[in-house]
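This briefing goes through one protein model by topic. The notes are meant to be read alongside the sequence and the structure.

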Amino acid sequence: MYLVWHKGNLRLADHPALLEALAQGPAVGLVVLDPNNLAQASPRRRAWFLANVRALRRAYRERGGALWVLQGPPWEKVPEAAQALRAKGVYALRSYTPYGRYRDERVRESLLVPLHLLPAPHLVPPDLPKAYRVYTPFSRHFLGVDPPLPAPDALPQAPEEGEVPGETPDIPLPEPGEEAAWRRLERFLEEGLSRYHRERDRLDGAGGSRLSPYFTLGVLSPRQAAWEALKRGGEGARKWVAELLWRDFSYHLLYHFPRMREHPLDPRFASLPWQEDEELLSAWYWGKTGVPLVDAAMRELHATGFLSNRARMAVAQFAVKYLLLPWQKAEALFKNLLLDGDTPQNLQGWQWAGGLGVDAAPYFRVFNLVEQGRRHDPEGDWLRRWAPEYPSYEPQDPVVDLLEARRRYLELVQRLTRG
């Protein structure tokens with residue numbers, strides 16, 4: 001018997017560790033409900049994770065197999081399951097985040113049998129020998145997509161162990177599971193892919209795939225998505241795959257620069273006069289800033305757990321550049337509202353939008369939040385849905401004067417960058 005440890009990769013298809021374990025002999029799946037992750041997560045994020053664990057267990061059952069679900073630190077529960085099953089080895093996909101790498105090593109040290117870590121199916125491996133801070137040279141390592149691996153048709157019979165606890169979300173959740181992810185992917189490929197490059201910046205998010213919650217938990221792999229998109233071809237497919245590569249670039253950054261969890265990638269910006277202002281932070285968080293785009297975005301995020309990429313950049317930039325809020329605190333609050341709050345991607349997004357050193361985005365690029373709204377929601381439908389008290393994208397009694405805040409920020413960073 002072998003054990004397949006599912007961490008964030010809650011799927012059966014395109015799972016190298018699962019297929020490698022089955023090639024060696026019978027295998028049982030395992031999900032560990034890790035308090036180091038779940039205790040810090042919001043109810044919506046816990047509920048989404050647990051719903052997808054249930055879906056994975058159903059997928060195992062449908063193929064005759066068994067998924068164990070245990071609660072506790074992985075370095076205790078993985079060895080416990082391996083011992084109970086008399087497993088000859090444990091198979092899993094490699095982790096690339098600081099905590100994931102720490103967790104893998106502690107599990108390896110605790111096991112009495114080998115831990116086999118296989119590369120996760122990224123489009124570009126995050127652990128490239130050379131560390132890149134800029135996306136373009138990183139993306140040149142993309143040499144095409146290998147065909148995704150199939151899911152096993154059948155799995156060995158075994159007893160189940162453990163229950164998946166309930167969690168009541170504060171928002172409606174998408175349909176969980178691998179089959180639901182595939183249906184959404186197919187719908188996007190048929191209806192949205194060909195125009196993605198033209199409509200991806202819409203503030204209402206209608207130009208995107210809305211697959212990110214599935215990618216975050218590994219219910220769908222980026223290799224599966226890219227393979228299907230590139231088979232169809234076209235400018236939309238090329239642009240969408242480029243965005244999937246940004247996901248891998250986020251992992252690459254955090255792998256090589258783990259300090260970016262707490263510090264700007266460009267250390268010069270650590271000395272900005274960050275404003276520990278709880279009233280400003282609360283106004284931003286609850287969408288009560290008097291800036292229509294920001295308020296509509298934060299209200300949508302609270303209500304749905306989703307936000308378009310354009311809106312994410314705008315609210316992050318407003319928090320960092322206009323309000324000078326401590327970016328680490330704002331980023332953590334923001335991530336916990338997202339269903340797709342993936343740590344590497346959220347950190348990269350905030351440090352990019354905030355001009356803190358990620359990629360070649362110049363620090364002096366400051367969004368005009370009125371023009372952003374007009375350009376990416378020209379009919380105002382998204383604004384009317386989420387902030388109907390605003391007749392337009394013009395600010396109404398904003399918490400800061402936008403022109404003055406922009407001027408203050410530019411003066412500060414110009415002094416810092418001149419040394």
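Asp-14 is buried, at a relative accessible area of 0%. The model in which this residue sits is a predicted one.

**Loop residues with positive phi**

- Asp-14 belongs to the loop that links strand S1 (2-6) to helix H1 (16-24).
- The phi of Asp-14 is near 50°, which is positive in a residue other than glycine.
- Most residues other than glycine have a negative phi.
- Arg-210 also has a positive phi, of about 55°, and is not a glycine.
- The loop that holds Arg-210 runs between helix H8 (196-199) and helix H9 (212-216).
- Arg-210 is partly exposed, with a relative accessible area of 33%, whereas Asp-14 is buried.

**Helix H16 and its ends**

- H16 is mostly covered, with nine of its eleven residues buried.
- Among the buried residues of H16 are Pro-344, Asn-346, Leu-347, Trp-350 and Trp-352.
- These buried residues pack against H11, helix H12 (278-286), helix H14 (309-322) and helix H15 (327-337).

**H11 against H16**

- How do the axes of helix H11 (residues 235-256) and helix H16 (residues 343-353) cross? They come within 8 Å and cross at roughly 90°.
- Angles of 65 to 115 degrees count as roughly perpendicular, and H11 and H16 are therefore roughly perpendicular to each other.
- On the H11 side, the residues that meet H16 are Trp-246, Arg-247, Ser-250, Tyr-251, Leu-253 and Leu-254.
- On the H16 side, the residues that meet H11 are Thr-343, Pro-344, Gln-345, Leu-347, Gln-348 and Trp-352.
- By class, this contact has seven nonpolar, four polar and one charged residues.

**Nonpolar cores**

- The largest nonpolar core has 121 residues, of which Phe-49, Trp-240, Trp-284, Phe-318 and Phe-334 touch the most other members.
- H11 gives the most to this core, namely eleven residues.
- Another core, of 19 residues, lies apart from it and includes Trp-5, Leu-70, Val-107 and Leu-111.
- In soluble globular proteins, nonpolar side chains tend to be buried together.
- Beyond its neighbours within four places in sequence, Phe-334 is in contact with Trp-284, Met-298, Leu-301, Leu-307, Arg-312, Val-315, Asn-346 and Trp-350.
- Of these contacts of Phe-334, Asn-346 and Trp-350 are buried residues of H16.

**Charged residues and their partners**

- Is Asp-340 buried or exposed? At 7% relative accessibility, Asp-340 counts as buried, and its place is in the loop between H15 and H16.
- The side chains of Asp-340 and Ser-212 make a polar contact of 2.5 Å.
- Leaving aside residues within four places in sequence, Asp-340 is in contact with Arg-45, Ser-212, Pro-213, Thr-216 and Arg-312.
- Arg-57, in helix H3 (residues 43-62), has 5% relative accessibility and counts as buried.
- Not counting residues up to four places away in sequence, Arg-57 touches Leu-67, Trp-68, Val-69, Glu-160, Glu-161, Gly-162, Glu-163 and Val-164.
- Arg-183, in helix H7 (residues 178-191), is partly exposed, with a relative accessible area of 37%.
- The side chain of Arg-183 is joined to that of Glu-175 by a polar contact of 2.6 Å.

**The chain start**

- Met-1 is found in the segment before S1 and is partly exposed, with a relative accessible area of 25%.
- Which residues does Met-1 touch, not counting those up to four places away in sequence? They are Pro-26, Ala-27, Val-28, Leu-85, Arg-86, Ala-87, Lys-88 and Gly-89.
- The C-alpha atoms of Met-1 and Ala-81 are separated by 11 Å, and the two residues are 80 residues apart along the chain.

Conventions
Residues numbered from 1 in each chain as written. Predicted model: local features only at pLDDT ≥ 70, side-chain atom pairs only at ≥ 80, totals over all residues. Heavy atoms only, no water. Axes fitted to C-alpha atoms, helices over the stretch in contact; angles between N-to-C directions. Helix = DSSP H or I, 4+ residues; strand = E, 2+ residues; numbered from the N terminus. Parallel < 35°, antiparallel > 145°, perpendicular 65-115°, else oblique. Contact = heavy atoms within 4.5 Å. Nonpolar A, V, L, I, M, F, W, Y, C, P; charged D, E, K, R; others polar. Buried < 20%, exposed > 50% of the residue type's maximum accessible area, 1.4 Å probe, protein only. Polar contact = N/O pair within 3.5 Å; in protein donor to acceptor, adjacent residues only side chain to side chain. Core = buried A, V, L, I, M, F, W, Y, C linked by side-chain atoms within 4.5 Å.
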